[in-house]
Amino acid sequence: MSDISAPTPRTRSASHYVADVDETPVAEVDAVKLDEKPSNLWRDAWRDLRRRPIFWISAAFILLIGFVAMFPGLFTSTPPNSGCLLANSNGGPTDGHPLGFTKQGCDVYSRIIHGTSTSLGVGFIVILLTSVTGIIFGSLSGFFGGFLDTVLMRLGDIFFSIPYILAAVVIMSVFSENRNILVIALAIGVFAWPTTARVLRSEVLRVKNSDFVMAAEATGLSKLAILFRHVLPNSIAPVIVVTTLSLGAAITAEATLSFLGVGLPTSEFMSWGNDISQAQRDLRTNPQTLIFPSIALTSTVLAFILLGEALRDALDPKARALR
Amino acid sequence: MTATLPTPLGSGAAGAPLLEVRDLQVGFRTQGGVVHALNGVSFTIEQGESVAIVGESGSGKSTTAAAIINLLPGSGQILGGQVLFEGRDLATASRHELEEVRGKQIGFVPQDPMSNLNPVWSIGFQVEETIRANGLASGKAAVRKKAIEVLQSAGLADADKRLRQYPHQFSGGMRQRVLIGLGLSSSPKLLIADEPTSALDVTVQRRILDHLESLTQTVGTSLLFITHDLGLAAERAEKLIVMYKGKIVEAGPSLELLQNPLHPYTQRLIAAAPSLASRRIQSSSKPLGQLTHTEAGGAEGFDLITAAEERAEHVSAAGGVPAIEIANLTKVFKIRQGNFRSTEFTAVDDVSFTVAKGTTTALVGESGSGKSTIAKLLLGLEQSTSGALTVQGKRIEKMNSRELFALRRSMQPVFQDPYGSLDPLTNIGNTIAEPLKVHKVGDRESRRERVFELLEQVSLPKVLAGRYPNELSGGQRQRVAIARALALKPDIVVLDEAVSALDVLVQAQILRLLADLQAELSLTYLFITHDLAVVRVIADNVCVMQKGKIVEAATTDEVFDNPREQYTRDLLDAIPGAGIQMGI
């Protein structure tokens, strides 16, 4: 197996092999390659998301229900609360009333449409509350560490140790007089933020030891500026995922509280949870009064969970590499 | 790639070789299709022979090692060719056949001793597991006895006690000894060692490789050694294979290949290897300056000998106030042990040295010697326990926050890890401009101009300003980090292992860039490194550190020519390739 081919220049001995220089050209050392599109975490994530049908389906559905919540009048002209005729109690679908009637004789379809804003409103206020509290607590305790970390995280542990549905039931019972969307959102959100704080804290702990943080410190950038400019942008991705997922959970929590009778007052607010609660008594005879609000609730929550899953896959490069 | 491919290292000897790799092709499946990692690799290893594969990262050297035992990671697969081990083709062998060969006939020593032992099982359990899997012994007592033998032969004292310990109780060198012991436990015919010592200190590396060599020689095991270090490869193997972009570009007997590199890539590698270059200054046998490089674009930057000679002329006896003056510096860390108890650890112990303006002082030491702590103390990122740090005549400890802020303008760092030192979500332009913004230098437009100027200074195209770090290679990132450090026109740059993570060719390029910038901007460098070979080409003065203390401080030439301390001599001897005589 000596050199039988490859016209190599200046071959010294039979066992000294040199590849043909023309076949193995030597490239410039460390040449800059710019043929690919600019990319960073967010652009890569977007490129990944764009290819996912699940992302488009869930995003489109969320946009649709957002639109319904804002302009319910465009989807139904039947008032949800007034003009209910007991003659129609638990009635089946008729002309203009495609999903039939509730026990009180109100239009099911209209009540679902008008209930959308309640569910979404509560959900969004809850995640606003949890993410703002969670980001403040999580970033401060992760970034500054030490005593502040201990205090903030033990506080979080106390809140975390109380089941938030139980806590919300208690709070709602206290506020039995003037319940509104803000109150129920507060009741749910007050005990739900430690999850966000913990997720962010662990990310901040990871990022703050990076060399680029040390380099920024060496340029004289202040601690808070480093936190906002370098640490938070690099640790926020998991928080976005958790927040999207918990939006679905918040909507469920509102429905649960309403179902338990400690939610929003039936007289003022359309709420899917309320309707499900009302309909459970007639489940065997008139399942449609229960099924349709349940479908609305489940599909909305599912849309947010699927969106969260898609975001998680797109934002975690490690998970992407494994696929 | 056809069957006419020549076989490098083909031997004229009779009888089949132990291992024959023929036209091996390996690809990795990705979203964009199959990426070829190996394009027709052929070589042979004879019984009892030691062969080293050398190449930069991404050259396919580790893929070759993994393909031989058919353990390609992830989506990798063998696309063509043969791996004939004693005439049997491992590329097409069944899983059962492969398991017979792996461990028993081909041993494998992996790269990273830290992650290749399972932290939840004791060392003994893992050694015994291997012994049972390879059928070396049966019965509890026999297996235990064999395990002790394995650890003893690996050079671990009181092996029977060690068996009950866990990986975290072992140092990196001890873990690698365990892994080598495991790899050799069944007296395999071939041992593949994939960068077995690249994570270890040089002196540890030397001891481990000496040990590995004596073991393989007594057993008669053939050795396939994968490394990025040409000097190390030449020192440890009879034959060298140089790989580049998935192909073998040159192969032959080690010494001949070093003395007569025929392929331009090998010539470049030899010119850029600091260990070989620094050795050659003394012998100055071959005028490597004559080497013609096929490429333009900074190619002249590869010749480290010329660089070193220029430095020798450049050393200017700069008078006046020294740039950095460190006196009796001590840093004690408190290590928490739980239960509110803590022990003290002296990372820096009574260290004194000065750095004259416009010169380079290298701080050399093995891991844990306290050299990086000095950098952090100097940069004001840690507080010293006692002693005086004086920069340009001003004491750092006595500075208030405004003075410290002003000091940062004149002193900037470059850190080791090119993948961690740039914010992945900030584009290159903003990264370089950040120090300017922080110190409110210029307006938006002038900052933009300055960024372009800096990019040009570090030989990067202007368009990079709008790009993000993940599009750049390690060397390019390190250029960006240098540009950021230079943005405020500092007088002092603290380089903390700034070239340690780079491939040799890139490393040579960056060292050249640093030397050019120093000449151009009359910078003062504090160069922190574990690699004495690099010191020779960049530094004027050297401080050798051991366990927090400076054991020897002198000019570079003195340290290399007449080392006074035994520790310095050990370090010098441990430079891989230092023992190679480059011929007449």
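A residue is called buried if 20 or more other C-beta atoms lie within 10 Å of its own, exposed if 12 or fewer do, and partly exposed in between, with the C-beta atoms placed from the backbone. This is a predicted model, in which local features need pLDDT of at least 70 and side-chain atom pairs count only at pLDDT 80 or more, while totals for chains, interfaces and linings use all residues. Residues are numbered from 1 along each chain as its sequence is written, and chains are lettered from A and ligands numbered from 1 in the order in which they are written.

Chain B has 584 residues, of which 51% count as buried, and it contains 21 helices and 20 strands, where helices (H or I, at least four residues) and strands (E, at least two) are DSSP runs numbered from the N terminus.

In the loop between α15 (428-438) and α16 (444-457) of chain B lies B:Lys440, which counts as exposed because it has 7 C-beta neighbours inside 10 Å. Although B:Lys440 is not a glycine, its phi is positive, at about 50°. B:Ser187, in the loop between α6 (172-184) and β7 (190-194) of chain B, also is a residue other than glycine with a positive phi, near 45°, but B:Ser187 is partly exposed, since 15 other C-beta atoms lie within 10 Å.

B:Gly55 sits in the loop between β3 (50-54) and α1 (61-68) of chain B, and it counts as buried because it has 27 C-beta neighbours inside 10 Å. The C-alpha atom of B:Gly55 is separated by 7.0 Å from that of B:Thr227, although the two residues are 172 residues apart along the chain.
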